[in-house]
Amino acid sequence: MKLASLNRGRDGELIVVSRDLSRYCGAADIAPTLQAALDAWEITQPKLQARFDALQQNEVTSFSFDANECHSPLPRAFHWADGSAYVNHVELVRKARGAEMPASFWTDPLMYQGGSDTFLAPTQDIAMASTDWGIDFEAEVAVITGDVPMGAGASRAEDSIRLLMLVNDVSLRNLIPGELAKGFGFYQSKPSSAFSPVAVTPDELGHHWRDGKVHLPLHAMLNGEKIGSPNAGVDMTFNFPQLIAHAAKSRPLGAGTIIGSGTVSNVDRSSGSCCLAEVRMLEIIADGRAVTPFMQYGDHIEIAMFDENDMNIFGTISQRVVEYTNPD
């Protein structure tokens with residue numbers, strides 16, 4: 001089943017999308033928003049699945065699907081936490097600046113809680129006041145959960161996974177060092193993220209969803225050139241059930257919680273990278289200096305994932321960096 005939210009109202013209007021992303025039909029009679037559907041998933045899921053099946057069989061009135069009409073599946077969420085499940089990526093970044101990596105990073109996930117009140121639409125511009133901030137994309141996979149009790153183990157956490165989607169976790173790399181030096185985490189350096197137009201149930205991924213991971217390449221294209229397509233199921237040190245359990249260690253998670261994987265990264269660098277920071281770190285390690293710039297005004301980032309038949313699973317995150325004009 002594939003779900004999306006038309007860009008109507010602050011929380012969107014829930015729709016059901018065909019498997020090939022060509023058509024959609026309304027679902028507001030089942031639940032007005034995706035959050036409402038998640039809040040009553042045991043009731044709404046069978047009805048939404050039936051609507052999806054009817055759409056696949058052309059048994060319901062449908063319309064042409066256009067990602068430009070969509071917001072992120074959850075236009076805003078009660079909880080958004082991003083992990084760093086690809087520890088080789090963390091190790092690489094620290095190596096480039098000559099810092100040792102604590103051994104605990106391989107056994108205890110890194111995670112931060114980001115802002116979830118102003119997600120960007122999947123084709124919305126990334127408006128920033130200055131390119132001096134070091135604008136970067138981070139291509140990731142994320143899950144949306146149902147209710148998760150505090151202290152849930154990985155098995156219970158896996159049962160809570162309702163939907164999957166892609167993420168562009170925008171980062172302002174030149175603001176990060178100063179914030180981390182204060183010892184109080186990210187804030188200004190992590191602006192609004194964007195998610196794929198469509199969220200899908202795990203069964204839509206077939207055998208590519210196993211071991212709590214998505215075993216498919218994640219493609220990142222900058223200005224029409226491939227930056228990378230690492231496999232999201234390879235070198236993922238912590239799977240999604242482990243990340244969810246980590247987040248729920250000391251507090252329950254409400255339905256609609258989004259948990260991100262962190263930047264997808266493979267030890268085999270031949271598949272490229274899913275962020276510019278990694279590209280630059282590899283340059284520093286190889287040549288002593290970074291030559292690839294961070295994103296500039298006018299740059300265009302595309303993030304997508306395809307199955308073995310080259311079908312776009314989640315739709316494409318397609319965003320352009322523009323200069324922000326203060327309304328004051």
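A salt bridge here is a side-chain nitrogen of Lys or Arg within 4 Å of a carboxyl oxygen of Asp or Glu. Keep that definition at hand, and welcome to the tour. This is a predicted model, in which local features need pLDDT of at least 70 and side-chain atom pairs count only at pLDDT 80 or more, while totals for chains, interfaces and linings use all residues. Residues are numbered from 1 along each chain as its sequence is written, and side-chain values use heavy atoms, with hydrogens and water left out.

**Stop 1: a lysine without a partner**

Select Lys-2, which sits in strand β1. Strands (E, at least two residues) and helices (H or I, at least four) are DSSP runs, numbered from the N terminus. Lys-2 is buried but has no salt bridge. Buried means under 20% relative accessible area, exposed means over 50%, and partly exposed lies in between (1.4 Å probe, protein chains only). Which side chain of opposite charge is nearest to Lys-2? Show Glu-204, 4.7 Å away. For charges, Lys and Arg count as positive and Asp and Glu as negative, with His and the chain ends not counted.

**Stop 2: the partner of Glu-204**

Keep Glu-204 on screen and select Arg-19. These two form a salt bridge, with their closest N and O atoms 2.8 Å apart. Arg-19 belongs to the loop between β2 and β3, and Glu-204 to the loop between β14 (198-200) and β15 (209-210), so the pair ties together parts that are 185 residues apart in sequence. Glu-204 counts as buried at 17% relative accessibility, whereas Arg-19, at 33%, counts as partly exposed.

**Stop 3: helix α2**

Select residues 41-56, which make up helix α2. This helix has 16 residues and reaches 21 Å from its first C-alpha to its last, close to the 22 Å expected at 1.5 Å a residue. The expected span is 1.5 Å times one less than the number of residues. Color Trp-41, Thr-44, Leu-48, Arg-51, Phe-52, Ala-54 and Leu-55, which are buried. Look down the axis of α2: its buried residues fall within an arc of 160°, so they line one face of the helix. The arc is that of the directions from the helix axis to the C-beta atoms. An α-helix has 3.6 residues a turn, so residues three or four places apart point the same way.

What covers this buried side of α2? The cover includes β1 (2-6), β2 (13-17), β3 (23-26), α1 (34-39) and β11 (161-168).

Next, show Asp-29 with Arg-51, whose side chains meet in a salt bridge (2.8 Å, N to O). Asp-29 lies in the loop between β3 and α1 and Arg-51 in α2, so the pair ties together parts that are 22 residues apart in sequence. Asp-29 is exposed at 60% relative accessible area, while Arg-51 is buried at 19%.

**Stop 4: two positive phi angles**

Step past the end of α2 to Asn-58, in the loop between α2 and β4 (63-64). Asn-58 has a positive phi of about 55° although it is not a glycine. Then select Asp-310, in the loop between β20 (300-304) and β21 (317-323), where phi is near 65°. Are these residues buried or exposed? Asn-58 is exposed, with a relative accessible area of 58%, and Asp-310 is exposed at 59%.

**Stop 5: two buried residues**

Select Pro-241, in helix α6 (residues 240-247). Pro-241 counts as buried at 3% relative accessibility. Not counting residues up to four places away in sequence, Pro-241 touches Ala-154, Ala-157, Glu-158, Ile-161 and Gly-212; contact means heavy atoms within 4.5 Å.

Finish at Ser-196, in the loop between β13 (194-195) and β14. Ser-196 counts as buried at 0% relative accessibility. Its side chain reaches the backbone oxygen of Val-198 at 3.0 Å. Beyond residues up to four places away in sequence, Ser-196 touches several others, among them Ser-72, Pro-122, Met-165 and Phe-314.

Conventions. Polar contact = N/O pair within 3.5 Å; in protein donor to acceptor, adjacent residues only side chain to side chain.
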